[in-house]
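Please have the sequence and the model open.

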Amino acid sequence: MAAEVTPKKPPDWKNLTDTVQDAESLRQESINAHHDHLITEIETSDGPLGTSLRAVYEGDELEKFKESLGDHIKNHDKEIERMCNYHYQGFIDSIRELLKVSCDAAQLKDEISEVNNHLQDSCEPLLTKGEELVKCRRVQRNIASAVENLTLCLPVLEMYGKLQEQMSSKRYYPALKTLEQLEHTYLPRVETHWFSQTMKEAIPKLREQIKEASMSDLKDFLENIRKHSVKIGEVAMKHAAEQNNMDPAIAQSNVKMKTKRAPKPPNPFTGEIEKEGGKEKSALADSTDDMGELSAQDLIDFSPVYRCLHIYTVLGDREKFETYYRKQRRKQARLSLQPPSNMHESIENFKRYFHDIVGFFVVEDHILSTTQGLVNRAYMDELWEMSVSKLAASLRTSAASCKESDMMLDIKKLIVLFCHTLRGYGFSVGHLLELLLEMRDQYSDILTRQWVDIFNEIFDEDNYTPIYVESVEEYTAIVTQFPFQDEELEQETFPKRFPFSFFVPSIYTQVKAYINACLKFSADLHLSHTEIDDMIRKSTNLLLTRTLGSCLSSLIKRRGLTLLQLIQIAINMNYLEKSCSYLEDYISSITGAQNDSVHMARLHGTSMFKDARSDAEEHIYSKLNLKISEFIELANYDWLLPESKGHASGYITDLVAFLQSTFMSFTNLPEKVAKTSCMSACKHVATSLMSFLMDNNIKQVTMGALQQFNLDLIQCEQFASSAPVPGTRDGTLLMAFADIRQLLDLFLNWDWSLYLADYGQPTSKYIRVKPSDAISLLEKLNNTDNKKKNLFTTLKKTERDKKKLIDTVLKQLRGLVNGTA
């Protein structure tokens with residue numbers, strides 16, 4: 001059996017309960033103390049109760065707080081009741097005393113009212129006078145204040161009135177000064193007045209109005225200056241022409257410009273249109289007749305520029321104004337440099353173009369010299385460089401379309417005067433002078449084209465016969481026009497005959513006219529005598545070699561020219577060739593250059609005329625041979641003729657007569673040319689005669705036909721031996737007929753043994769006879785004999801021997817041709 005567990009001793013519950021009760025009582029006391037403290041704060045606090053109330057509601061004992069608060073309220077109510085009970089008897093006593101005092105107070109009130117009525121009645125006049133005095137003092141004070149204020153305001157108002165007057169009269173710069181004084185000096189004195197603020201607010205607007213008005217005047221000025229630049233440039237160029245001893249008419253325009261004056265714009269401040277006053281300065285002088293005595297600057301009123309510049313300077317916008325002015329003037333410069341599309345059609349268009357450009361730069365130069373910094377030299381140089389390049393390009397284009405030399409001269413004079421004018425204003429014109437040298441080549445081309453027509457007209461009008469004069473005056477006119485000297489001709493009696501035709505002096509005169517025309521363009525270019533001389537010589541060389549040479553070549557090739565005309569042309573070339581030295585002397589005389597200068601170019605006309613003469617001579621030879629061929633074509637030989645007619649053929653007689661008359665006109669040709677022509681003619685006749693004998697279409701020839709042919713050849717040989725031209729008596733012409741002569745002699749003499757024996761020997765009598773030619777002609781004779789054989793049945797012994805001989809000769813001749821003999 002298990003042992004019993006000894007029970008534990010129970011705790012001390014009584015002590016624990018006491019401790020719990022003590023703690024609860026302490027907590028209640030603490031809560032009560034806290035509630036009392038909060039109530040005390042609520043009672044004693046004069047400020048907001050939010051903190052105390054928050055503390056009440058944040059706790060957990062709100063009901064107990066309400067109980068405590070109710071207890072305090074009850075205690076206070078008891079105290080109030082106790083206090084009222086204590087003082088109640090004193091309150092009753094005080095009420096009784098007040099009731100007694102009220103009767104006395106009513107009596108006093110009545111007495112005071114009565115006294116007051118008496119006082120009001122006695123003081124009423126005094127009060128009336130006092131009020132009047134107060135009013136007078138107030139008026140007096142107002143008057144003094146008004147006088148004082150008027151003393152301060154009147155200068156301001158006067159200054160403002162002056163400002164309005166200045167703005168109405170467009171005196172913008174004085175108006176700006178007045179506005180500055182009004183703003184800084186007068187308005188601060190009247191700051192307390194309402195109009196002062198209004199004026200202050202209006203001052204910026206007035207400044208803007210002044211700026212806009214001055215800018216409007218500037219725009220009007222720019223518009224007017226654009227319109228009148230042409231007239232300004234014309235006046236400036238006329239003055240420059242007078243200073244440089246040039247004709248002022250070069251710059252004067254023949255077109256009178258009719259301009260209408262536009263009505264004046266309304267005043268920008270008042271809106272009224274002002275009447276024209278006699279004292280206002282117009283943009284241009286009314287009378288154009290007086291412009292010639294005025295300078296270009298006197299024609300324009302520049303005050304809008306100066307006024308606007310001063311206004312913008314004072315307002316601190318000078319840089320803006322300078323930028324605007326330069327930009328607008330650049331635009332106007334581009335407009336001035338833009339040439340009209342039809343400028344090349346009239347010199348007046350060129351004048352107006354130059355006048356416009358000169359007017360522009362004259363105005364800018366005046367602005368440069370009369371203002372400080374509005375435009376500067378760098379700006380002017382930049383503008384000028386741009387203008388020169390565009391001007392040169394426009395002139396090249398327009399001048400390239402010009403077709404008349406006179407207009408090119410006028411353009412050149414205008415450019416020279418333009419250069420003189422702008423050089424006087426300090427601008428560099430070197431590029432334009434270089435342009436003139438380029439235009440000089442174009443001018444030469446135009447002259448060349450004109451002279452082509454002139455030369456062709458001279459050639460068309462010439463009769464290509466020697467010039468006949470019947471009086472001293474006619475003779476003098478020719479020798480004055482063309483340098484020709486001939487003592488024999490001078491000694492002859494009238495009528496006299498020059499060796500050349502009219503186109504020689506005419507060509508010489510026109511070449512001199514061309515030289516003078518070239519000199520006109522070279523004048524005023526500031527070139528030395530040597531440079532001018534060299535330029536003119538080069539141009540003249542081009543005229544002679546290309547232009548005149550081409551015209552002469554075309555002339556010589558004309559189909560309608562006769563042989564005599566060709567001969568006259570060749571003679572003319574000889575005299576024109578000699579005249580080249582006179583042309584060189586003439587160029588030196590008009591240019592002032594020395595003839596012996598090593599740098600002087602020589603005229604190439606001599607060689608050109610030689611070539612033209614050679615060309616003419618060749619055509620003479622071909623023309624002569626062609627004419628000979630026409631005569632020879634008339635030949636009609638009967639190659640079966642039994643016997644000759646005893647006289648030469650008619651065609652050969654006519655041919656010889658033609659040659660004799662033709663070579664009589666060769667007397668003025670050089671001897672060499674005449675001899676060559678005659679030799680060519682003889683050779684052509686001999687060749688043609690030989691072609692008759694060697695014609696393959698001719699199959700039979702009789703000895704009678706050869707004898708007749710021999711008579712024709714004798715006529716030709718007689719002509720050749722008669723020396724038809726000087727220097728041909730040495731038998732040279734007969735050599736042309738040597739081949740056919742030896743061939744005919746061989747057949748007529750029947751000298752075959754000698755021919756065959758001496759063949760190939762230098763001393764052979766028939767050295768010029770070719771075996772092939774002999775075979776051809778011998779076969780034709782043989783064919784004739786064979787025909788006779790067919791006609792006759794029997795042959796004589798002599799004929800048989802002759803036939804045998806012919807066969808033998810033919811055999812040997814063929815051997816010579818084949819190289820086997």
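Helix H4 (172–186), helix H5 (194–243), helix H7 (318–337) and helix H8 (347–370) are among the elements that cover the buried residues of helix H6. Helices here are DSSP runs (H or I, at least four residues), numbered from the N terminus as are strands (E, at least two). Contact means heavy atoms within 4.5 Å, and buried means under 20% relative accessible area, with exposed over 50% and partly exposed in between (1.4 Å probe, protein chains only). This is a predicted model, in which local features need pLDDT of at least 70 and side-chain atom pairs count only at pLDDT 80 or more, while totals for chains, interfaces and linings use all residues. Residues are numbered from 1 along each chain as its sequence is written, and side-chain values use heavy atoms, with hydrogens and water left out.

The buried residues of H6 are Pro 304, Val 305, Cys 308, Leu 309, Ile 311 and Tyr 312. They lie on the same side of H6, because they cover an arc of only 165° around the axis, taken from the directions from the helix axis to the C-beta atoms. An α-helix has 3.6 residues a turn, so residues three or four places apart point the same way. Just after H6, Gly 316 has a positive phi of about 80°.

Helix H10 (residues 405–423) has 19 residues, and 27 Å separate its first C-alpha from its last, close to the 27 Å expected at 1.5 Å a residue; the expected span is 1.5 Å times one less than the number of residues. Of the 19 residues of H10, 15 are buried.

Ser 539 lies in helix H15 (residues 529–556) and is buried, at 4% relative accessible area. Leaving out residues up to four places away in sequence, Ser 539 touches Arg 440, Ser 444, Tyr 514 and Cys 518.
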